[in-house]
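Please keep the sequence and the structure at hand while reading.

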Amino acid sequence: MASSSPRQGFAGAIFDVDGVLVDSPHERAWRESLQRLMEGRWRELAPSTSWTPERFTHDFYQEVMAGKPRLAGARSALEALGVPDAEARAKEYAADKQARVLELINAGEFHAFPDALRFLLAVEHAGLRIASASSSRNARPMLERIRLDKFAAEQGLDLPEIGEGLTLLEAFDGDVTGREFPRGKPDPMIFLAAAEELGLPPERCVVMEDARSGVQAAKAGAMAAIGVARDEHDDVLWEAGADLVVHTLDEVDVEELTGGRLVRR
């Protein structure tokens, strides 16, 4: 199944980070942190909740937390699990998770998705301006550690514009990663800010997202959305309004993007 969106032509590509560009340790940190709290400082209240280690699945994370700012994600998870005083406890949960994710990032427990880097380099080579847009403040440390020059060399890509030592973060024409906004996804505020940084109207931009709330945010901002269903839950992203859903960004026809069409190769 494929969809097309005839337009004047896309001139900008906006990338979510976690789950699209990088296989990050965020979900793992949220899961491990909550288990640590429930089996430690919160062990007396755990029986009154619906939490179990098995309850915190990838689907739970995607449906309840993905794409949201840190505190909002923590609060959503605790509310979904029936944790008492979720509003107050969310701060403790978010702080504990932050400590854990930094441990994992510093240990190098993350990697870039090769298909995403190939796609990013291809769209930039095709003349599109690119931006990163993630609500996570932890995205930047990961983007700073990913070397595009090494990746291009490993892939045999002859792209003279990639200078020696170029990091993924440095490759972007616009970056709103980690910036605080009054409203998180599915509000389009973060993506509208990214389009503004690129100097482009929203309708000339296409957003790459792996979360329901992210796709909804892109569509609410009058942008096209490519849903990246790495877990193969295509239906969630189609239902959120994605114009095209793929399992890997290698599937997207880059040449057609400049004509405003979203199709598979």
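In this predicted model, the largest nonpolar core is made up of 47 residues, and Phe-15 and Leu-249 are those with the most contacts inside it. The element that gives the most to this core is helix H5, spanning residues 114-125, which supplies 6 residues.

**Contacts of Leu-249**

- Leaving aside residues up to four places away in sequence, Leu-249 touches Val-20, Asp-115, Ala-116, Phe-119, Met-208, Ile-226 and Val-228.
- Among these partners are Asp-115, Ala-116 and Phe-119, whose numbers fall within the range 114-125 of helix H5.

- Ala-240 belongs to helix H11, which covers residues 234-240.
- Why does Ala-240 count as buried? Ala-240 has a relative accessible area of 12%, and it is classed as buried because the cut-off for that term is under 20%.
- When residues up to four places away in sequence are not counted, Ala-240 touches Arg-212, Val-215, Gln-216 and Lys-219.

**The largest pocket**

- The largest pocket has a volume of about 840 Å³, and its lining is formed by 44 residues, of which Tyr-61, Gly-67, Lys-68, Ser-135 and Ser-136 lie nearest the centre.
- Two or more lining residues come from each of helix H1 (26-38), helix H2 (58-64), helix H3 (70-80) and helix H4 (86-106), and H1 gives the most, with 5 residues.
- Sorted by class, the lining of the largest pocket holds 18 charged, 14 nonpolar and 12 polar residues.

**The second largest pocket**

- The second largest pocket has a volume of about 210 Å³, and the residues that line it are Phe-110, His-111, Ala-112, Pro-114, Leu-117, Arg-145, Ile-146, Arg-147, Lys-150, Phe-151 and Glu-154.
- Strand E3 (111-112), H5 and helix H7 (148-155) are the elements that give two or more residues to this lining, with the largest share, 3 residues, coming from H7.
- Divided by class, the lining of the second largest pocket has 6 nonpolar, 4 charged and 1 polar residues.

Notes
Residues numbered from 1 in each chain as written. Predicted model: local features only at pLDDT ≥ 70, side-chain atom pairs only at ≥ 80, totals over all residues. Heavy atoms only, no water. Core = buried A, V, L, I, M, F, W, Y, C linked by side-chain atoms within 4.5 Å. Buried < 20%, exposed > 50% of the residue type's maximum accessible area, 1.4 Å probe, protein only. Helix = DSSP H or I, 4+ residues; strand = E, 2+ residues; numbered from the N terminus. Contact = heavy atoms within 4.5 Å. 1 Å grid on protein atoms, 1.4 Å probe; cavity = no way out; pocket = protein on both sides within 12 Å on 5 of 7 lines; lining within 4 Å. Points joined across faces, edges and corners; volume = space filled by probe spheres on them. Nonpolar A, V, L, I, M, F, W, Y, C, P; charged D, E, K, R; others polar.
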